[in-house]
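Good morning, and thank you for coming. I would ask you to look at the model on the screen before I go through its main features.

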Amino acid sequence: MNARTNQVYFNTGRGIKIQSPSRFIIKASNEKEASLKKLGLTDAECEAAVVAGNAPDAPPVPPKPAAPSGTPLVSLLPLNKRPRRNRKSPVLRASFQETHLSPANFVYPLFIHEGQEDTPIGAMPGCYRLGWRHGLLEEVSKARDVGVNSIVLFPKVPDALKTPTGDESYNENGLVPRAIRLLKDKFPDLVNHTDVALDPYSSDGHDGIVREDGVIMNDETVHQLCKQAVAQARAGADVVSPSDMMDGRVGALRQALDCAGFPDVSVMSYTAKYASAFYGPFREALDSNPRFGDKKTYQMNPANYREALVEARADEAEGADILLVKPGLPYLDIVRLLRDSSPLPIAAYQVSGEYSMIKAGGVLKMIDEEKVMMESLMCLRRAGADIILTYFALQAARCLCGEKR
């Protein structure tokens, strides 16, 4: 280097090349963004400049942010581990996020009826009894646009078709089979889940046949459920979902489906379905409240934990493909129990009461509806649910896709 001219001389093997080190200086733009023009130097020439003590300038180390006035001066705590280090920026938080939520995790429950118009459900703001020929197709199309491609149908059956034995449940030209055929024709790759239970078709409003002394008959009900599941499979159902909680129904359904030529139709068992007070709005939607009594002789006691393992082991042995917990958020411990004890996929049902409470809190400005909705769904995933049946499916998927309406 010539000290007088401040020039650097490089021996390139082809002669001497002269370069002023000032051309290495990075100058900030008016927008305070550093820019550096390429000088056309080889890697060897750049390294030689650094070795000679002429490294390019870079922006200075940023000053340490000042603490507010009055902050006490303290010695650092002797901590080897500071978990907050992994939470200090959005990029790091995203990198270390353990649980992820996607529209593919959602199954969208939809209510259908024989009418042509969509009827609002008072206890479930934003939900409707959809006309099966028009409104249903429109709602499914909206869901598919944001990545939700799984639905489950719940029918509002005319009272005139309800009987003590629920025979309309296996009518192959009934409301659900017709809707499935229509959906399969319009959306061949849509995953159709169906509900297998007698309560929408029962004049007594129970999930099974009721004896004159009020006892719910188990084996006779299972016989009807098998016919219902086969009728749904014949219409094109991909997953049949017994929600009745009769003993032995999973094995009976599996055998009935196989014998009828539907070995590829899956069974999603309502494994741990509790006799919960969170179902109220749903029963209004289907007009399916029990005519008398309650469902405690077949649905599980909310106080019981270990009993869920009994149900899970039975369903696994009988051939269930998916195990479901219902309700969802109040039973996160049961979701985690089944996740830890079974290799099968786990589903959780965020039921109507959970949905309606979040909606009501949002309307009253007591909570941020969108944030609570997304947090509740993430909690179900974190507890171990692979899929979530939720009335928020469309709204949540739009949030995940960055679309707000």
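Which residues touch the most other members of the largest nonpolar core? In this core of 100 residues, they are Leu136, Leu153, Leu183, Val240, Leu257, Tyr349 and Leu389. Helix 5 supplies the largest share of the core, 7 residues. A nonpolar core here is a set of buried Ala, Val, Leu, Ile, Met, Phe, Trp, Tyr and Cys residues joined through side-chain atoms within 4.5 Å.

A word on the basis of these values. The model is predicted, with local features needing pLDDT of at least 70 and side-chain atom pairs counting only at pLDDT 80 or more, while totals for chains, interfaces and linings use all residues. Residues are numbered from 1 along each chain as its sequence is written, and side-chain values use heavy atoms, leaving out hydrogens and water.

Turning to the whole protein, there are 12 helices and 16 strands, taken as DSSP runs numbered from the N terminus (helices: H or I, at least four residues; strands: E, at least two). Of its 405 residues, 46% are buried, meaning under 20% relative accessible area with a 1.4 Å probe, protein chains only.

Let us return to helix 5, which spans residues 218-235 and contains Gln232. Gln232 counts as buried because its relative accessibility is 2%. A polar atom of its side chain lies 3.0 Å from the backbone oxygen of Asp195. Gln232 also touches, among others beyond four places away in sequence, Val176, Ile180 and Val240; contact means heavy atoms within 4.5 Å. Leu257 likewise touches Val240, and its other contacts include Ala229, Val230 and Ala233.

Definitions and conventions: Buried means under 20% relative accessible area, exposed over 50%, partly exposed in between (1.4 Å probe, protein chains only). A polar contact is a pair of N or O atoms within 3.5 Å; within protein, one must be able to donate a hydrogen and the other to accept it, and residues adjacent in sequence count only if both atoms are side-chain atoms.
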